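The following exercises concern the predicted model shown below. Each task is followed by a solution in steps.

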Amino acid sequence: MNLNFPRELAFAALGTGFTCLATVLGAAMVFFFRRELSALAQKLFLGFAAGVMVAASVWSLLIPAMEMAREQAGPAAPEALAVGLPVCGGFVLGVLFLLLMDRLMPHLHIGSDQPEGLPANLKRTTMIVLAVTLHNIPEGMAVALTFSVAANDTAEGAFAGAIALALGMALQNFPEGAAVSLPLKAQGAGTGRAFACGALSGVVEPVFGILTVLIAGRMLAVMPWLLAFAAGAMLYVVVEELIPEARLGEHSNTGTISVLTGFLVMMLLDVFLG
């Protein structure tokens, strides 16, 4: 039995609560601005989010997953099997999970008129919120798992590394919340409703994050699998949607620079805090 399990849950709730709050604050911009974000601003925010998620997937998820798998297996175990199986296996499962969710969950991306997923008689606002929810599922898992690991790690900088990841996710969640609420208001939704939809898109982070820790806390051996799973799911979102949308239209170098900026910011957070 994991005696630190309540502590892990508290840490996970703290981290995902912070990133969810950033989404809520971003959604609150609907009370101060009337028009939706410009196409250039959306491109910059999407690119920045992509860069943050790529860096977080490597330093905060895949590398810790490798280290944890190596520690659990011991020095006598074959490296390829002890480390490669949980990390590569978890990564592939994360990609397949998001691929399945993308095919099944009805959703509509902001700026698009063509719904994706299974046909469903849902309102446009609901389908837009579901699209952002797909992004936030792996983000919540990543933050919760990182804080859960920090709760058991007495090494210097473990908690600081978790804070670095939460800060990086919060930086991209703030404009994401605004990117949901402002277009909804511009399309005719009331201010309160637009804010509620933007805020609710971030609630999935603590929900899925804590559920993941509940699973990992009972079976510590699956932690490397889950860390790699979250990394695979996040990178699916980046490659499938964020980077292509950040490069739409002319002057794609703007989106490219925003991706690299997000990567740099997340890397600096990890270096200085982690």
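**Exercise 1.** How many salt bridges does the structure hold? Identify the partners and classify their exposure.

*Solution.* The structure holds one salt bridge. Its partners are Arg-103 and Asp-102, whose closest N and O atoms are 3.9 Å apart. The criterion requires a side-chain nitrogen of Lys or Arg within 4 Å of a carboxyl oxygen of Asp or Glu, and the distance of 3.9 Å belongs to a pair that forms a salt bridge. In general, side chains of opposite charge can pair when their charged atoms come close. For exposure, the limits are under 20% for buried and over 50% for exposed. Arg-103 has a relative accessibility of 52% and therefore counts as exposed. Asp-102, at 7%, counts as buried.

**Exercise 2.** Which secondary structure elements make up the protein, and in what order do they run?

*Solution.* The protein contains eight helices and zero strands. Read from the N terminus, the order is α-α-α-α-α-α-α-α. Two totals complete the description. Of the 274 residues, 50% count as buried. Among contacts between residues at least 6 apart in sequence, 80% join residues at least 24 apart.

**Exercise 3.** Which residues make the nonpolar surface patch, and which helix gives the most to it?

*Solution.* The patch covers about 880 Å² and is made by Leu-14, Phe-18, Phe-159, Ile-163, Leu-167, Leu-264, Leu-268, Val-271, Phe-272 and Leu-273. Helix H1 (5-27), helix H5 (158-186) and helix H8 (253-273) are the elements that give two or more residues to this patch. H8 gives the most, with five residues. One member, Leu-167, is placed in helix H5 and is partly exposed, with a relative accessible area of 30%. For the protein as a whole, the accessible surface comes to about 12700 Å², of which 71% belongs to carbon and sulfur atoms.

How values were computed: Residues numbered from 1 in each chain as written. Predicted model: local features only at pLDDT ≥ 70, side-chain atom pairs only at ≥ 80, totals over all residues. Heavy atoms only, no water. Patch = residues over 30% accessible without salt bridge, like charges linked within 9 Å, V, L, I, M, F, W, Y side chains within 5 Å. Areas by Shrake-Rupley, 256 points an atom, 1.4 Å probe, with all protein chains shown as cover. Helix = DSSP H or I, 4+ residues; strand = E, 2+ residues; numbered from the N terminus. Buried < 20%, exposed > 50% of the residue type's maximum accessible area, 1.4 Å probe, protein only. Contact = heavy atoms within 4.5 Å.
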